[in-house]
Amino acid sequence: MEANSNLVIMVNDTAYKTIIKELDEKKVTLVAVSKTKPVADIKDLYDVGQRDFGENYVQEIAEKQPLLPADVRWHFIGHLQSNKVKYIAPFVYMIHGVDSLKLLVEINKQAAKNSRIIPVLLQVHIAQEETKFGLDEKELDDVLLNTGGLTSIAIKGLMGMASFTDDKETVRTEFRYLKSIFDKINKNSATHHLLLTTLSMGMSADYAIAIEEGSTMVRIGSLLFGKRG
Ligand SMILES: *Cc1c(COP(=O)(O)O)cnc(C)c1O
């Protein structure tokens, strides 16, 4: 039985140490994506120093948050419905994947209610697949031009997901496109009154390419926690 007890530790801390060393050298932030994984797995990674964790589902993040230390930085990386913002507004560290002005307005409202300023990333549609969420460039501009009155949010940057494909060049092209939009906004920062610092792109399968293309924050799940069921 003793030998078996090791098998329940699903977190791959060798992978963690390798990844975190590589990312630290490049000043890239690791968000460990713990969706569907038990609190014990999160605690294992917390105990070796990880603080940024990403979750996709409102109910799940709200259930896990009180069970883990208060200094965990919870990133919401899923598709967020306006009517659910209130459940995460008291504690969420950053909301990735914001893709409408309506959602921004609601985040602003709930942040104010909690006397907070919530950092957000706007999601840009970069993949070829129709199904992926996100703003196109024109919609992004429209959103940026209409956020002036929203004083309880801080737009920190952009987030994007590349196509699910083995074709590395397609993935690279999509990440490069997102970086070019990021740079363009910063070049026009006088118009938008905003300087972006965070570019959230790259997952287990494509984070190396994302970093080569300028990512500052990667969201890695299965490489750290094992495949999801
Ligand atoms: C699940 C998820 C990830 C992590 O995916 P892995 O392939 O397990 O690394 C990253 N970003 C988002 C938005 C996700 O939903």
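Which side chain does Thr170 join in a polar contact of 2.6 Å? The partner is the side chain of Asp167. A polar contact here is a pair of N or O atoms within 3.5 Å; within protein, one must be able to donate a hydrogen and the other to accept it, and residues adjacent in sequence count only if both atoms are side-chain atoms.

This is a predicted model: local features need pLDDT of at least 70, side-chain atom pairs count only at pLDDT 80 or more, and totals for chains, interfaces and linings use all residues. Residues are numbered from 1 along each chain as its sequence is written, and side-chain values use heavy atoms, with hydrogens and water left out.

Thr170 belongs to helix H8, residues 168-187. Thr170 also touches Gln128, Ser163 and Thr165, leaving aside residues up to four places away in sequence. Touching means heavy atoms within 4.5 Å.

Now to the ligand. Around the ligand stand 13 residues, and Lys35, Ser204, Gly221, Ser222 and Arg228 come nearest. A residue counts as near if one of its heavy atoms lies within 4 Å. The shell holds six nonpolar, four polar and three charged residues.

A polar side-chain atom of Lys35 lies 2.7 Å from a ligand oxygen. For Arg228, a polar side-chain atom is 2.8 Å from an oxygen atom of the ligand. Gly221 uses its backbone instead: a polar atom there is 2.8 Å from a ligand oxygen. The protein covers 91% of the 380 Å² of accessible area that the ligand has on its own, by the Shrake-Rupley method with a 1.4 Å probe.

Terms used: Nonpolar A, V, L, I, M, F, W, Y, C, P; charged D, E, K, R; others polar. Helix = DSSP H or I, 4+ residues; strand = E, 2+ residues; numbered from the N terminus.
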